[in-house]
Amino acid sequence: MVDLAARWLGGSVMAASDESFGLKENLLVEAEPDFTPGTFDHRGEVVDGWETRRRRPGTANPSGEHDWAIVRLGAAGVIETVDVDTRFFTGNFPTRTRVQALAASGYPRTEELVGAVWTEIVPWTDLKGDRHNLLAVRSPQRWTHVRLSAHPDGGIARLRVHGTVVPDRTLWGPSVELTSAAEGARVVSCSDAFYTPADRLLRPDRPRTMGEGWETARRRDDGNDWVLVRLGLPGAVRLAELDTSHFKGNAPGWAQLTGFAADGTPVSLMERTRLQPDTRHRFPLTTVDAVLTQVRLDVYPDGGMARLRLRGTPAPAPA
């Protein structure tokens with residue numbers, strides 16, 4: 001599943017009731033949380049997460065009886081699991097949490113979100129400190145925002161909102177990136193992901209380092225590596241971009257693309273073609289009219305690929 005709240009998809013922590021000790025933005029940091037005991041700044045001990053002040057009876061608490069943070073999902077979709085990660089918070093984690101969701105149109109302001117009517121997708125649940133707290137969601141609806149509650153206060157290291165992207169077809173023009181994770185594309189399987197996972201191929205952003213792409217182990221046989229991708233929506237592919245940026249001594253020597261229709265019929269998109277290291281290759285595929293649901297990228301013999309982008313025309317929505 002995709003982390004719908006991921007920063008690389010465009011997720012953002014828009015507001016929080018308090019962040020006296022740890023910034024709310026830490027909730028969506030991609031890296032695993034870390035902690036160095038005895039490290040202090042002007043806020044107190046440095047924490048890698050979102051941490052609020054201690055609540056005191058009789059003091060003004062404009063946010064209510066507990067703390068909260070509002071997150072705009074980077075890609076709207078159906079939520080299946082929420083991970084409330086309290087790692088390194090041992091004596092200062094919230095005792096309970098609740099997750100609410102909102103399906104908003106357009107781009108609402110923070111003030112509108114704070115006053116909105118939210119739907120509960122995870123009821124109040126006890127939390128454990130210093131661990132992943134995986135919370136199942138049973139809601140088939142497409143959501144755009146979530147509201148994380150921390151009762152009564154405390155620290156949460158990371159928030160992950162795993163689910164399935166449901167793209168907004170009204171935003172799709174005549175040419176769409178069919179392999180973008182932001183539009184619902186996902187990796188079905190791959191031959192190898194020794195160094196980095198294959199789903200990084202589908203990220204909508206530009207890679208900044210070699211570590212943000214897909215890299216396999218060095219093959220010592222006569223085979224080759226490959227990845228199978230399900231398109232965000234069925235469509236006819238018109239342009240292929242095979243990006244080996246940052247892969248200099250470990251880029252594949254050649255690549256090949258094969259599409260598959262809904263019934264499994266294979267369609268040749270690009271014959272085996274030589275690639276260059278650290279290069280953003282673009283290949284027109286204007287002669288292919290078949291509506292495809294999956295595409296397989298074969299690389300020869302192995303190596304690293306930063307991004308796979310296939311642009312094309314989405315098929316009409318079913319009547």
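**Close-up views of a predicted model**

View 1. The largest cavity here has a volume of about 30 Å³. A cavity is a set of points, on a 1 Å grid over the protein atoms alone, where a 1.4 Å probe fits but cannot get out, and lining residues have an atom within 4 Å of a point. The volume is the space filled by probe spheres set on the points, which are joined across faces, edges and corners. Around the largest cavity you will find Asp-34, Phe-35, Val-47, Asp-48, Phe-88 and Phe-89. The model is predicted: local features need pLDDT of at least 70 and side-chain atom pairs count only at pLDDT 80 or more, while totals for chains, interfaces and linings use all residues. Residues are numbered from 1 along each chain as its sequence is written, and side-chain values use heavy atoms, leaving out hydrogens and water.

**View 2. Leu-159 and its contacts.** Look around Leu-159 for contacts (heavy atoms within 4.5 Å). Setting aside neighbours within four places in sequence, Leu-159 is in contact with Asp-3, Leu-27, Leu-28, Val-71, Val-82, Asp-83, Val-84, Val-146 and Leu-148.

**View 3. Ser-149 in its strand.** Ser-149 belongs to strand β10, residues 143-151; a strand is a DSSP run of E with at least two residues, numbered from the N terminus. Ser-149 is buried, at a relative accessible area of 0%, where buried means under 20% (1.4 Å probe, protein chains only). Beyond four places in sequence, the residues that Ser-149 touches include Asp-67, Trp-68, Arg-96 and Trp-124.

Methods: 1 Å grid on protein atoms, 1.4 Å probe; cavity = no way out; pocket = protein on both sides within 12 Å on 5 of 7 lines; lining within 4 Å. Helix = DSSP H or I, 4+ residues; strand = E, 2+ residues; numbered from the N terminus. Buried < 20%, exposed > 50% of the residue type's maximum accessible area, 1.4 Å probe, protein only.
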